[in-house]
Amino acid sequence: MKKILLINGGVKKFAEEFLASCKKNNLECARIRTHFNSVLLLDNSKIKYVHLGEEIDLKSFKYAFIRVRGRYSHFTSLLGYILKAYNITFNDVSNLDHTMGDEKITQMVRFALSGIPIPKTLIFSLDSFPKNRDFILENTSFPCVLKTNGSKGRDVWKINDAAELEEKMSSIEQELVMVQELVPNSYDIRALFFYGELLGAVERSSTDGFYNNAAKGGKLKETKLSKEEINLSKKACEVLDLDFGGVDFVRTEKGILFFEVNKGPQIYGLESATGLDIPDLVVQKIIDRFL
């Protein structure tokens with residue numbers, strides 16, 4: 001029996017009639033509600049989709065029908081990226097579009113699908129958290145890092161235990177959140193790229209034991225990147241279709257892990273640490289490449 005997927009489904013009447021029609025036509029159909037009931041687990045390139053605590057093999061479906069996004073649009077777009085990577089047909093390419101399409105939560109999914117190494121990550125909504133609590137807690141090692149979409153170190157918190165996670169979740173207002181493994185480090189890297197060329201890179205070290213961001217008081221000093229680090233950083237930018245980006249990663253014993261690529265990177269801390277004139281470098285490269 002061929003399997004298809006109904007994503008969201010709109011009003012109850014439509015969903016019920018859709019499922020009944022599938023049954024009449026000897027199709028196996030599963031209905032999922034992305035925002036309310038879903039969790040994504042990203043363990044580097046391994047991806048698990050969980051719905052109401054049960055893992056669903058997205059690769060087993062031949063087609064996905066997406067109806068109504070509304071407040072479900074961000075999580076729906078994440079599934080769209082996964083379905084596309086799995087060569088599963090779905091309706092309306094616009095289902096990939098989202099105003100958070102190039103923010104850090106979406107980046108984690110696109111990185112996982114492209115072999116870019118990332119920390120172990122769980123993505124879920126405020127509504128789906130209580131319905132998938134057991135799965136989320138079973139796959140979370142404390143302390144962990146809780147993030148929503150934001151910049152300059154905002155909306156990022158170190159969480160020490162399950163009780164603290166529950167408490168913090170009750171005060172968050174954004175649609176989706178992600179929980180990531182805490183990667184021990186004495187510094188991370190911000191590397192600035194423009195059309196695949198490295199403009200400069202700095203080490204960012206924390207003054208408070210957690211936040212490395214310059215906006216949060218982190219100390220910066222110039223650093224050099226290895227050839228592998230440059231190539232992986234370039235690939236990260238290419239995956240996200242970003243020509244100008246600040247790539248954030250951390251060095252570990254198992255290799256580098258990427259946190260995000262900032263599409264509007266702050267340059268002034270990097271300029272102070274390196275002595276570079278970033279606007280002038282950008283202008284010169286525009287002249288050389290296009291003019």
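Q: What makes the order β2-β1-β6-β7 a sheet of four strands, and with which pairing?
A: In this predicted model, where local features need pLDDT of at least 70, side-chain atom pairs count only at pLDDT 80 or more and totals for chains, interfaces and linings use all residues, the four strands form an open sheet with parallel pairing. Strands pair if DSSP finds at least two bridges between them, and strands are DSSP runs (E, at least two residues) numbered from the N terminus. Residues are numbered from 1 along each chain as its sequence is written, and side-chain values use heavy atoms, with hydrogens and water left out.

Q: Why are β2 and β7 said to stand at the edges?
A: β2 (28-32) and β7 (89-90) each have a single partner strand, so one side of each lacks a neighbour in the sheet.

Q: How do you know that β1 and β2 pair?
A: Strand β1 (residues 3-8) and β2 share five bridges in the parallel sense, and the criterion is at least two; they therefore count as paired. Ile7 stands opposite Ile32 in β2.

Q: What makes helix α1 a helix that packs on the sheet?
A: Helix α1 (residues 12-24; helices are DSSP runs of H or I, at least four residues) touches β1, β2 and β6 (63-67), contact meaning heavy atoms within 4.5 Å. The direction of α1 makes about 160° with that of β2, on axes fitted to C-alpha atoms, for helices over the stretch in contact, with angles from 0 to 180 degrees between N-to-C directions.
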